[in-house]
Amino acid sequence: MPSKHIGQRLWEEVERKTVQAVTQTNKPISTTDMLKMIVIKGLLELRPDEVELITKLSAHTIETAIETGDLPQDRDKLQN
């Protein structure tokens, strides 16, 4: 099975989202299943202009934004 590294801050967000889902549903949900759902949702919603943004930013810049929580919450602000 392929594996990729994600930073600590991003993993903590996945864990937080998992706890929220477990609390909401009162059913067990694994962090692995939550991560899969987040990736699938992202794949379905990722716009072409957002892909272009990735090519303009260095991997370090993206990782730093994730680690510090500086990613914009509003999709339109991603372009600025």
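**Exercise 1.** What does the accessible surface of the protein come to, and what percentage of that surface belongs to carbon and sulfur atoms?

*Solution.* Start with the ground rules: this is a predicted model, where local features need pLDDT of at least 70, side-chain atom pairs count only at pLDDT 80 or more, and totals for chains, interfaces and linings use all residues. Residues are numbered from 1 along each chain as its sequence is written, and side-chain values use heavy atoms, with hydrogens and water left out. Areas follow the Shrake-Rupley method with a 1.4 Å probe, and for residues only the protein chains shown count as cover. The accessible surface is then about 6700 Å², and 60% of it belongs to carbon and sulfur atoms.

**Exercise 2.** Find the salt bridge of Arg16 and describe its setting.

*Solution.* Take a salt bridge as a side-chain nitrogen of Lys or Arg within 4 Å of a carboxyl oxygen of Asp or Glu.
- Step 1: Arg16 pairs with Glu13 at 2.6 Å, N to O.
- Step 2: Arg16 is partly exposed at 41% relative accessibility, a class between buried (under 20%) and exposed (over 50%), using a 1.4 Å probe and protein chains only.

**Exercise 3.** Which residue forms a salt bridge with Lys41?

*Solution.* The partner is Glu45, with the closest N and O atoms 2.6 Å apart.
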